[in-house]
Amino acid sequence: KVYRSILETIFNTPIDSKHYLNFGHINVYPKNSFITKHSDETKEKDRLFTTLFFLNANRKYEDGSLLKVYTNENVVDIVPDFNTIVVLENKIYNYSHEVTENLSDNIRYSIYTPFNDESYLKIIENK
């Protein structure tokens with residue numbers, strides 16, 4: 001229910017999840033875990049964007065497990081805190097990104113959902 005509410009706020013439209021969403025995958029990062037630098041291009045090349053919602057409160061830069069996004073000009077470090085939502089555009093930019101090592105004893109949780117052409121069209125058709 002919370003995830004649906006967040007998406008409804010982002011898209012300013014009701015979300016009918018039973019029709020089209022891979023309704024969130026949960027990432028779990030215990031201490032010392034990470035994901036190496038990569039991009040999210042799919043072989044079908046139909047992914048438009050990916051949303052990321054962080055589920056931990058009060059995370060700090062020093063805790064690690066940062067989402068590190070490599071743009072053409074900069075490297076952006078994002079602290080995975082509950083008050084942060086990230087949308088990675090995959091079709092045009094498809095920036096490389098990684099999750100740095102979790103240096104904290106606290107497990108880092110996030111939800112990510114990829115949106116392809118079909119799922120996004122169904123969202124905006126509801127408007």
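Here are some friendly notes on the predicted model above.

1. Ground rules. This is a predicted model, in which local features need pLDDT of at least 70 and side-chain atom pairs count only at pLDDT 80 or more, while totals for chains, interfaces and linings use all residues. Residues are numbered from 1 along each chain as its sequence is written, and side-chain values use heavy atoms, with hydrogens and water left out.

2. Overall layout. You will find three helices and eight strands in the chain, where helices (H or I, at least four residues) and strands (E, at least two) are DSSP runs numbered from the N terminus. Along the sequence the order is α-α-β-β-β-β-β-β-β-β-α. Of the 127 residues, 40% are buried (under 20% relative accessible area, with exposed meaning over 50% and partly exposed in between; 1.4 Å probe, protein chains only).

3. The largest pocket. Its volume is about 220 Å³. A pocket here is an open set of points on a 1 Å grid over the protein atoms alone, where a 1.4 Å probe fits, with protein on both sides within 12 Å along at least five of seven lines; lining residues have an atom within 4 Å of a point. There are 16 lining residues, and N27, Y29, H38, L52 and H97 lie nearest the centre. Strand β3 (47-54) is among those supplying at least two lining residues, along with β1, β2 (35-38), β7 (96-99) and β8 (108-116). The largest share, four residues, comes from β3.

4. Salt bridges. The whole structure holds two salt bridges, each defined as a side-chain nitrogen of Lys or Arg within 4 Å of a carboxyl oxygen of Asp or Glu. One joins K31 and D105 at 3.2 Å, N to O. K31 sits in the loop between β1 and β2 and D105 in the loop between β7 and β8, so this pair ties together parts that are 74 residues apart in sequence. K31 is partly exposed at 41% relative accessible area, and D105 is exposed at 63%. D77 pairs with K68, their closest N and O atoms being 3.0 Å apart; D77 is partly exposed at 30%, whereas K68 is buried at 17%.

5. A nonpolar surface patch. I26, V28, L55, F82, I107 and Y109 form this patch, with about 540 Å² of accessible area together. Patch members have over 30% relative accessible area and no salt bridge, and nonpolar side chains (Val, Leu, Ile, Met, Phe, Trp, Tyr) are joined within 5 Å. I26 lies in strand β1 (residues 25-29) and is exposed, at 58% relative accessible area.

How values were computed: Patches are made of residues with over 30% relative accessible area and no salt bridge: like charges are joined within 9 Å, nonpolar side chains (Val, Leu, Ile, Met, Phe, Trp, Tyr) within 5 Å. Accessible areas come from the Shrake-Rupley method with a 1.4 Å probe; for residues, only the protein chains shown count as cover. Grid points are joined across faces, edges and corners, and a volume is the space filled by probe spheres set on the points.
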